[in-house]
Amino acid sequence: MRAAAAGLLNLTGLGLGYALLGRWGRAVGCWVATGVLLFVALPADPDGVPARVLVVYLFLLVLAAADAARIAVRSALGGSWRPVVAAAVGVVLLAVPAGGALAYGVARDEAREEMLLDRLEGGDRKVAAAATQPFGTVKGEYEGALGVYRALDRDHPDSRAAKLVPDRLKDFYDAVSSPYAGKQHCDAVEPLTYLRTLPGAVGKELLGELAGWPDEPLAESLYGCGVSRLGGASAGGSAEFGELLRTFPESASARQVAPAIGGRIDGRVTEVRGGDPCAATEALRGLRSTVSALPAESVPGLGAKAGKGIQDGVYTCGVDQFKEKKFGDARTTLAGFARSYKGDGRAAQARKIAIAAEIADDRAAAGKRLPPSKAPGGPRMELVISNDAPNAVEVLYTGPVTGTVTLKPCGDCKRYSASAGPRLACKAGGRSYPKARLQLPAGDYHFLYKHGTGATSRVDSYAAGSKVQPGYTYTSCTYVIERSPLGLDLPTLPDSINPASAPRD
């Protein structure tokens, strides 16, 4: 009984067995061992006491208990203590290390919970910081926070932190989708697309209702972003609308695509008749490009509607450019219209305005008014134009009527000196000059003579104005003179056409 009592008292870790036996040195050794254990164990750590420390300590306790029992058996003990009472006290005092171990386990579990809550808060801080930045620059922060939430749910499902994860995921979704909440539809497309990928990466069980939430906001954002990009020079909105029609073909947003584009086309068609037809036409081109990039069945008839608006817009734009004295632009626009829309009833008038614009580029007076769409009635006077130049010549004219004629090169003709040109051009006896005959109503005319094939790059065009009066016939002669001793070929033409006969009575 004495041995059992001494051993039990030493198993408490307090060295009481040695104390009762009078072995105070060994009792101090037990106290030191227990002190070391407490120093290592406290405060409670989430990972608990290292296993090696526990093994060594338990070994020392068993060794101390066995040693105390051995001493109690072999030693004659004095004093008044009773072995039975000591054994009973030893049994009772065993509750001290047992209770301590239990309390330590509780403290260790609480420390672990606090550690997990700290991890959760770390993820929360990442989300809060990322919410103030563009998604593309902080996507990694969001993924880091999501990794924290996933690990808590997967590795510590019964912890308090894990039970808070669903609420944190709601906050996570709110932060990532904040551009959508702010109606920044284009900025919202990328983060909402990212959220749609999470059910596969995280699992629908953890996300719950959040798994399907991004679908409708993403459809709305694709639509809103596409609408905001409609009408530019390029196919604005086609990428967003295309993604919307492919991914959410049955959504309410997808059903709004065709009406939205159609309404925008109608608005630009109206603007074609307004103050800036050129800008409206460019917007229609962008809308047609958008329509062309989408499935035809999703936007039926809109391509043709935009095309008709462009056709009207090009003509109106060219006329507007002419009126604003942008003659080079007007010529390019209306010449392109005449080539592209040959069957349009305005093609002939477009060609006339393009001719007048080209003349006006050199002679501004030719651009004071638009060429008449119809030729005036009454008599017409003949103008005979002869070419005394070794190169072909294109003659453009505008006035009561507008047109162009080309003169072939004069094969035997040569350049003249500056003084000889006016005296000798088109006057060589027996020579047949290439000619063109025009029948012109009376009125003021503007001419542009352009060198053609056979001329060098140093031969320039020449513009002049003349008045055609009733009852006369007129002649004009084109030729090339050399004004520079270095051989630079420069053209000269009379400032007006010359009457060839007097009016008849």
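Is Tyr 180 buried or exposed, and what is its relative accessible area? Tyr 180 is buried, with a relative accessible area of 16%, where buried means under 20%, exposed over 50% and partly exposed in between, using a 1.4 Å probe and protein chains only. The model is predicted, so local features need pLDDT of at least 70 and side-chain atom pairs pLDDT 80 or more, while totals for chains, interfaces and linings use all residues. Residues are numbered from 1 along each chain as its sequence is written, and side-chain values use heavy atoms, leaving out hydrogens and water.

**View 1. Tyr 180 and Trp 213 form an edge-to-face pair.** Their ring centres are 6.4 Å apart and their planes lie at 80°; rings of Phe, Tyr and Trp (its six-membered ring) pair if their centres lie within 6.5 Å, with planes under 30 degrees apart counted as stacked, over 60 as edge-to-face and the rest as tilted. Trp 213 is partly exposed, at 32% relative accessible area. Lys 183 lies over the face of Tyr 180, 5.8 Å from the ring centre (NZ of Lys or CZ of Arg within 6 Å of the centre and within 35 degrees of the ring normal).

**View 2. Phe 135 and Tyr 142 form a stacked pair.** The ring centres are 5.9 Å apart, with the planes at 25°, and both residues are buried.
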